[in-house]
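Me: Take me through this model, please. I want each label set against its cut-off.

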Amino acid sequence: MIYLYYDSRTGNVERFINKVVQITGWSAIRIQDDIEVTEQGHLITYTTNFGKIPEKTERFMRANAHLIHSVTSSGNRNWGQNFGVAANKTSEAFSVPVAMKFELSGTMEDINQFIDIIKNQYYDSKRGSEKLDIA
């Protein structure tokens with residue numbers, strides 16, 4: 001089973017996750033402050049305040065980065081170079097590779113690309129694989 005841990009403020013990430021789960025049957029867990037993570041998985045978050053990691057996401061990663069294999073972030077292309085930059089900042093701060101970035105709640109192409117990356121380009125044997133850094 002693949003586990004997805006996600007943080008969503010406006011609902012965009014949640015809509016993306018719901019589509020992924022509907023297609024794959026993977027397990028999705030919304031990040032809460034009292035969450036106890038026991039399974040390895042992948043983080044999906046959003047970018048806030050023109051290029052910051054959401055506070056809840058940052059707290060989650062401080063406690064659980066050792067269990068997270070990749071980070072994906074939503075964003076808005078109107079933010080230019082700050083589009084989805086929470087993925088880059090999370091990757092840098094917690095040594096987790098970026099899987100991808102998508103705009104708002106993502107298109108079906110984004111969803112299929114994410115599924116392909118997690119299923120076919122991620123290898124359990126090597127956490128932090130440079131192979132995922134394609135965003």
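**Labels and their cut-offs**

Reply: The protein chain has four helices and five strands. Helices (H or I, at least four residues) and strands (E, at least two) are DSSP runs, numbered from the N terminus. From the N terminus on, the order is β-α-β-β-α-β-α-β-α. This is a predicted model: local features need pLDDT of at least 70, side-chain atom pairs count only at pLDDT 80 or more, and totals for chains, interfaces and linings use all residues. Residues are numbered from 1 along each chain as its sequence is written, and side-chain values use heavy atoms, with hydrogens and water left out.

Me: Why is serine 105 called buried?

Reply: Buried means under 20% relative accessible area, exposed over 50%, partly exposed in between (1.4 Å probe, protein chains only). Serine 105 has 16% relative accessibility, so serine 105 counts as buried. Serine 105 lies in the loop between β5 and α4. Leaving aside neighbours within four places in sequence, serine 105 is in contact (heavy atoms within 4.5 Å) with Asn12, Arg15, Phe16 and Lys19.

Me: What makes arginine 9 exposed?

Reply: The relative accessible area of arginine 9 is 54%. The cut-off for exposed is over 50%, so arginine 9 is exposed. Arginine 9 sits in the loop between β1 and α1. Beyond its neighbours within four places in sequence, arginine 9 is in contact with Arg30, Tyr46 and Thr48.

Me: What makes the pair arginine 9 and threonine 48 a polar contact?

Reply: A polar contact is a pair of N or O atoms within 3.5 Å; within protein, one must be able to donate a hydrogen and the other to accept it, and residues adjacent in sequence count only if both atoms are side-chain atoms. The side chains of arginine 9 and threonine 48 make such a contact at 2.7 Å.

Me: Which residues have the most contacts inside the largest nonpolar core?

Reply: Phe16, Val20, Ile44 and Phe114, in a core of 17 residues. A nonpolar core is a set of buried Ala, Val, Leu, Ile, Met, Phe, Trp, Tyr and Cys residues joined through side-chain atoms within 4.5 Å. β1 (3–6), α1 (12–24), β3 (41–46), β5 (98–103) and α4 (108–121) each supply at least two residues of this core. α4 gives the most, with five. A second, separate core has 14 residues, including Leu43, Met61, Val71 and Ala87.

Me: How do you know that β3 is mostly covered?

Reply: Six of the six residues of β3 are buried.

Me: What makes β3 and β4 a pair?

Reply: Two strands pair if DSSP finds at least two bridges between them. Five bridges join β3 to β4, and the two run parallel. In one of these, tyrosine 46 has serine 74 in β4 as bridge partner. β1 and β3 also pair in the parallel sense, over three bridges. There, the bridge partner of tyrosine 5 is leucine 43 in β3.

Me: Where does the chain cross between β3 and β4, and in which hand?

Reply: The chain passes from β3 through α2 to β4, and this β-α-β crossover is right-handed. That hand applies if, with the strands pointing away from the viewer, the path from the first strand over the helix to the second runs clockwise.

Me: Which residues of α3 are buried, and what covers them?

Reply: In α3 (residues 85–94), Val85, Ala86, Ala87, Thr90, Ser91 and Phe94 are buried. Their cover includes β3, α2 (55–64), β4 (68–75) and β5.
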